[in-house]
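Here's a model to go through by question and answer. Have a look at it first, then let's talk through the details.

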Amino acid sequence: MATKPTESITILSLQKLSLGTAEPQVKEPKTFTVEDAVETIGFGRFHIALFLIMGSTGVFWLAGSLLIIGLASVVIPTIGWRWLIRIASIPGIILIMAFKFIPESARFNVSTGNTRAALATLNHIARMNRSVMPEGKLVEPVLGKRGRFADLLDAKYLRTTLQIWVIWLGISFAYYGVILASAELLERDLVCGSKADSEVVVTGGDSGESQSPCYCHMFAPSDYRTMIISTIGEIALNPLNILGINFLGRRLSLSITMGCTALFFLLLNTCTSSAGLIGFLFMLRALVAANFNTIYIYTAEVYPTAMRALGMGTSGSLCRIGAMVAPFISQVLMSASVLGALCLFSSVCVVCAISAFTLPIETKGRALQQIK
């Protein structure tokens with residue numbers, strides 16, 4: 001009889017003990033993505049250095065253009081254009097060999113499974129910024145829906161995409177056209193009051209070849225100065241371009257600069273002085289550079305994140321087509337009719353100006369779209 005109370009107490013005690021004790025839970029290991037690491041590290045010296053390097057690339061493009069013109073003024077009259085090409089290829093060869101020492105992107109390393117290299121890059125950024133890395137294991141983020149080519153032609157973006165492609169093709173056509181046309185116009189010495197029969201240096205020794213279209217006019221020092229001054233124009237309108245796209249909007253700003261580009265193409269055919277020709281070429285280089293800046297910003301803003309890279313990539317492809325067509329107009333057609341070539345360049349710019357003005361979406365003050 002005495003054992004029953006003891007037994008019941010023991011059972012109650014065990015029940016209380018089992019209810020009061022929680023079962024052990026397995027803790028999930030902490031993880032973080034590259035984006036989490038960047039947010040944790042924060043802004044610092046690395047980002048300042050990156051801003052200076054990337055911001056100076058536009059100056060590295062201008063400097064390269066000026067350098068090749070200066071190099072041509074020295075090399076071509078002395079040892080010929082073939083040596084100019086050989087010398088100009090040296091920086092590209094050095095750059096190819098230097099690619100081995102350029103660190104890869106942390107995002108790319110994570111996507112390929114090379115998390116050790118990605119961690120090394122992120123740790124280097126953290127040390128430069130005097131910050132710390134987040135705790136846990138670096139993992140690849142879960143990817144959402146990727147953009148497809150068909151998305152660009154979806155009913156929502158079809159008109160925008162087609163007009164953007166036309167603008168990219170036309171801007172590239174005008175940009176490389178004015179560069180090649182500059183040399184062609186200077187070679188033909190179309191300045192009013194200049195000698196019609198400028199000195200011709202024939203590539204062959206046979207007198208019969210003088211009647212061939214395959215001849216070269218040697219540039220005078222003044223021609224090289226004209227090329228250098230006009231090239232500097234590529235950064236001349238940058239402050240006004242920035243103000244325009246922020247106050248007038250992307251569409252109106254681009255339509256204005258494209259319209260002015262068309263006008264200055266036609267002005268190249270007018271009878272003017274040497275200073276006038278330099279001014280026209282200077283403004284053309286400034287305008288075509290401003291066109292590129294504006295359409296690049298607009299294309300990056302108009303598409304959502306899933307489609308942004310695809311939109312920029314396809315636009316770049318159309319840009320290359322415009323660059324390939326430009327030499328046939330600025331050199332082949334211009335040899336037959338200067339006015340015809342300039343009118344064609346101007347007409348393309350007018351079409352681009354209309355396309356820019358009628359774009360269905362204005363991205364000024366519009367947040368970047370994350371989803372379709």
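**Walking through the model**

Arg130 sits in the loop between α8 (115–128) and β2 (137–138), where helices (H or I, at least four residues) and strands (E, at least two) are DSSP runs, numbered from the N terminus. This is a predicted model, so local features need pLDDT of at least 70 and side-chain atom pairs count only at pLDDT 80 or more, while totals for chains, interfaces and linings use all residues. Residues are numbered from 1 along each chain as its sequence is written, and side-chain values use heavy atoms, with hydrogens and water left out.

Q: What is phi of Arg130, near which value?
A: Most residues other than glycine have a negative phi. Arg130 has a positive one, though it isn't a glycine. The value is near 55°.

Q: Is Arg130 buried or exposed?
A: Buried means under 20% relative accessible area, exposed over 50%, and partly exposed in between (1.4 Å probe, protein chains only). Arg130 has a relative accessible area of 71%, so the word for Arg130 is exposed.

Q: How many helices and how many strands are in the chain?
A: Counting the DSSP runs gives both numbers for the chain. They come to 16 helices and four strands.

Q: Which residues is Trp165 in contact with, leaving aside neighbours within four places in sequence?
A: Trp165 lies in helix α10 (residues 158–188) and is buried, with a relative accessible area of 15%. Contact here means heavy atoms within 4.5 Å. By that rule the partners of Trp165 are Phe149, Leu152, Leu153, Thr314, Ser315 and Leu318.

Q: What separates the C-alpha atoms of Trp165 and Leu318?
A: Along the chain, Trp165 and Leu318 are 153 residues apart.

Q: How many Å apart are the end C-alpha atoms of residues 162–186?
A: UniProt, in an unreviewed entry, lists residues 162–186 among its "transmembrane region" features; positions are in the numbering used here, feature names are shortened, and annotations may be inferred rather than shown by experiment. In the model that stretch is 100% helix and 0% strand. Its end C-alpha atoms are apart by 36 Å.

Q: At what angle do helix α11 and helix α14 pack?
A: Axes are lines fitted to C-alpha atoms, for helices over the stretch in contact, and angles run from 0 to 180 degrees between N-to-C directions. For α11 (residues 221–232) and α14 (residues 274–302) the axes are 7 Å apart. The packing angle is about 35°.

Q: Which residues of α14 make the contact with α11?
A: On the α11 side, the contact is made by Thr226, Ile229, Ser230, Thr231 and Ile232. The α14 residues are Ile278, Leu281, Phe282 and Arg285.

Q: Is Arg285 buried or exposed?
A: Arg285 is in helix α14 and touches, among others beyond four places in sequence, Val178, Ile179 and Glu234. Its relative accessibility is 3%, so Arg285 counts as buried.

Q: How many disulfides are there?
A: A disulfide is a pair of cysteine sulfur atoms within 2.5 Å, and by this rule Cys349 is in none. The sulfur of Cys352 is 6.3 Å from the closest cysteine sulfur, in Cys349, which is too far for a bond. The disulfide count is zero.

Q: What is the relative accessible area of Cys352?
A: Cys349 is buried at 0%. Cys352 is buried too, with a relative accessible area of 1%.
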